Number of protein chains: 4
Amino acid sequence: MYKYETTIKLHETDAAGLLFFSHQFKLMHDAYESLLEKSGFGFAELIRNKDFFLPIIHAEADYKKPLFVGDRIIIEVEVENIGTTSFTFSYKLTVKNHDLVGLGKTVHVTIDKKTRQKIPLPSPLRDAITKLQ
Amino acid sequence: MYKYETTIKLHETDAAGLLFFSHQFKLMHDAYESLLEKSGFGFAELIRNKDFFLPIIHAEADYKKPLFVGDRIIIEVEVENIGTTSFTFSYKLTVKNHDLVGLGKTVHVTIDKKTRQKIPLPSPLRDAITKLQ
Amino acid sequence: MYKYETTIKLHETDAAGLLFFSHQFKLMHDAYESLLEKSGFGFAELIRNKDFFLPIIHAEADYKKPLFVGDRIIIEVEVENIGTTSFTFSYKLTVKNHDLVGLGKTVHVTIDKKTRQKIPLPSPLRDAITKLQ
Amino acid sequence: MYKYETTIKLHETDAAGLLFFSHQFKLMHDAYESLLEKSGFGFAELIRNKDFFLPIIHAEADYKKPLFVGDRIIIEVEVENIGTTSFTFSYKLTVKNHDLVGLGKTVHVTIDKKTRQKIPLPSPLRDAITKLQ
């Protein structure tokens with residue numbers, strides 16, 4: 001499990017006064033980027049030096065409680081599944097007093113940069129993700 | 001069914017060269033806003049003059065093909081379900097030659113602005129959504 | 001002069017109820033992308049097939065009146081200056097009844113993709129921009 | 001002077017591979033929000049409990065060096081000017097090795113929430129901003 005902390009910014013809210021729903025996905029991805037960076041697979045490295053991509057083929061989220069500008073949240077990221085050519089991460093968002101505010105999931109596949117075809121998870125990436133379990 | 005057309009903007013792509021996944025949700029919401037506007041329930045009206053909100057409690061998306069800057073897409077919005085206190089919209093994204101690029105879904109509930117409690121869909125809204133079916 | 005029309009989306013507003021200021025820059029860029037596309041220099045083409053980039057080295061905006069979700073706006077883009085290795089575009093935002101709501105400016109330079117050095121504006125681009133004057 | 005640290009996220013870059021220009025303004029505002037929060041004028045408080053707004057009437061930025069996903073940046077915020085009904089903040093963005101990557105400025109006015117007219121800076125806000133100088 002990986003923990004990521006952040007604060008809801010004004011530009012993540014909308015005129016109805018709360019977090020705009022698509023920004024929960026953005027925040028989940030921020031947590032995932034931070035996790036990858038810590039695991040040695042930061043996006044700068046992935047984009048410049050690796051021969052594979054990790055596109056998202058499915059994403060979902062549940063919204064349990066409203067989030068306001070200035071709310072300090074914790075996003076817990078867990079490895080839900082590791083397949084041959086894909087992996088699934090799940091996300092749990094809480095505010096500091098441990099109230100659940102949202103849930104989410106992203107499913108990623110490994111794609112060869114040149115052929116754009118699915119490939120098995122490269123071993124170092126598989127190892128890094130397995131370690132998070 | 002409601003059709004909405006738009007073009008992928010540079011700021012909707014990321015350094016991996018394609019549409020950033022959370023922006024598919026944003027585009028789905030743009031289509032939904034346009035539909036509500038046409039149905040007499042535009043967000044300006046909802047925020048200023050109505051005593052209810054329509055928060056999203058669940059959202060999901062599938063990504064079928066990559067989208068690039070400049071791609072012209074069509075989003076078809078359909079009413080998938082109308083419940084007592086909620087409704088579900090589904091979204092189908094295609095590029096101009098009719099290739100499917102993405103799917104999505106949003107589930108909305110009707111909330112009283114003051115009490116923040118669920119309320120039955122107000123009749124005029126129910127009627128407007130029913131007409132779209 | 002080039003005219004671009006768009007509608008303020010919910011996700012472009014914030015909890016203070018109005019357009020979040022940085023989104024005026026985003027909208028200006030949307031207008032600029034549309035203009036480039038019409039001139040044969042769309043971003044897909046620039047990114048994939050050209051050997052130069054057009055990074056922005058300066059941007060500014062003035063905010064004259066608040067913008068709400070659903071507001072229909074027109075952005076007029078004008079070529080303010082064409083230099084040897086740079087060009088400047090100015091932007092005027094009005095709502096449908098012709099009220100001025102914002103002004104803006106972006107300064108672009110031509111950079112060789114490989115050397116990352118400034119280069120003179122390629123002739124076809126210079127010609128395309130000159131035609132807009 | 002106030003220091004704010006952050007990391008460039010994937011969704012802040014675009015298909016040209018670098019930070020999308022309007023996101024520098026967004027990051028500047030994130031720093032400003034953090035500063036206001038520390039000064040007792042966080043946006044949650046401003047929106048819910050204060051009778052004034054602080055809209056931006058002018059913003060500008062210079063871009064000195066490209067920023068990539070994963071780059072760790074520091075934003076230094078300084079009070080450039082305090083007027084009767086307005087104040088100006090300036091921003092300096094550097095990467096960790098102290099290279100200057102960007103500059104910016106935002107001009108804010110104090111507006112009465114009800115009358116939407118300019119009002120003198122409320123004393124507690126003036127005091128808080130003055131302390132930052």
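Q: How many bridges join S5 (residues 86-95) of chain A to S6(A), and in which sense do they run?
A: This is a predicted model, to begin with. In it, nine bridges join strand S5 (residues 86-95) of chain A to S6(A), and the two run antiparallel.

Q: Which residue of S6(A) stands opposite A:Phe89?
A: A:Thr106 stands opposite A:Phe89 there.

Q: How many residues lie between S5(A) and S6(A) in the hairpin?
A: Four residues lie between them. A:His98, in that turn, has a positive phi of about 75°.

Q: Is S6(A) mostly covered or mostly open?
A: Strand S6 (residues 100-109) of chain A is mostly covered, with seven of its 10 residues buried.

Q: And how many bridges join S3(A) to S6(A)?
A: Seven, with S3(A) and S6(A) running antiparallel. One of the positions to look at is A:His58, whose bridge partner in S6(A) is A:Val107.

Q: What about chain B, how many bridges join S3(B) to S6 there?
A: Seven bridges join S3(B) to strand S6 (residues 100-109) of chain B, and they run antiparallel. In S6(B), B:His108 is the bridge partner of B:Ile56.

Q: Moving to the chain contacts. How do S3 of chain A and S3(B) pair?
A: Strand S3 (residues 56-63) of chain A pairs with S3(B) in the antiparallel sense, over five bridges. A:Asp62 stands opposite B:His58 of S3(B).

Q: How many residues does each chain put into that contact?
A: Chain B gives 21 residues and chain A gives 21 residues. B:Phe21, B:Phe25 and B:Tyr63 supply 24% of the area that chain B buries against chain A, more than any other three residues.

Q: What is the buried area between chain B and chain A?
A: About 1900 Å², with 68% of it on carbon and sulfur atoms.

Q: How many salt bridges are there between chain B and chain A?
A: The count is zero. Polar contacts are another matter: eight residue pairs are counted between chain B and chain A, both residues at pLDDT 80 or more.

Q: Which elements of chain B each supply at least two residues of the side that touches chain A?
A: Helix H1 (22-38) and strand S3 (56-63) of chain B. S3(B) gives the most to that side, with eight residues.

Q: What is the make-up of that side by class?
A: The side of chain B that touches chain A has 13 nonpolar, four polar and four charged residues.

Q: Now A and C. How many residues come from each chain?
A: Seven residues come from chain A and seven residues from chain C. The area buried between chain A and chain C is about 730 Å², and carbon and sulfur atoms give 75% of it.

Q: Which three residues supply 54% of the area that chain A buries against chain C?
A: A:Leu10, A:His11 and A:Ala15, more than any other three residues.

Q: How many salt bridges and polar pairs there?
A: Zero salt bridges are counted between chain A and chain C. Four residue pairs are in polar contact across that interface, both at pLDDT 80 or more. By class, the side of chain A that touches chain C divides into three nonpolar, three polar and one charged.

Q: Different topic. Where is C:Arg116 found?
A: C:Arg116 is in the loop between strand S7 (111-112) and helix H3 (123-132) of chain C. C:Arg116 has a positive phi of about 60° although it is not a glycine.

Q: Why is that worth a remark?
A: Most residues other than glycine have a negative phi.

Q: Last one: is A:Thr110 buried or exposed?
A: A:Thr110 is buried, with a relative accessible area of 0%. A:Thr110 is found in the loop between S6 and strand S7 (111-112) of chain A. Leaving aside neighbours within four places in sequence, A:Thr110 is in contact with residues including A:Phe52, A:Leu54, A:Thr85, A:Ile119 and A:Pro122.

Technical notes
Residues are numbered from 1 along each chain as its sequence is written. Chains are lettered from A and ligands numbered from 1 in the order in which they are written. This is a predicted model: local features need pLDDT of at least 70, side-chain atom pairs count only at pLDDT 80 or more; totals for chains, interfaces and linings use all residues. Side-chain values use heavy atoms; hydrogens and water are left out. Contact means heavy atoms within 4.5 Å. Buried area is the accessible area (1.4 Å probe) that two parts lose on being put together, summed over both. A salt bridge is a side-chain nitrogen of Lys or Arg within 4 Å of a carboxyl oxygen of Asp or Glu. A polar contact is a pair of N or O atoms within 3.5 Å; within protein, one must be able to donate a hydrogen and the other to accept it, and residues adjacent in sequence count only if both atoms are side-chain atoms. Ala, Val, Leu, Ile, Met, Phe, Trp, Tyr, Cys and Pro count as nonpolar, Asp, Glu, Lys and Arg as charged, and the others, Gly among them, as polar. Two strands pair if DSSP finds at least two bridges between them. Buried means under 20% relative accessible area, exposed over 50%, partly exposed in between (1.4 Å probe, protein chains only).
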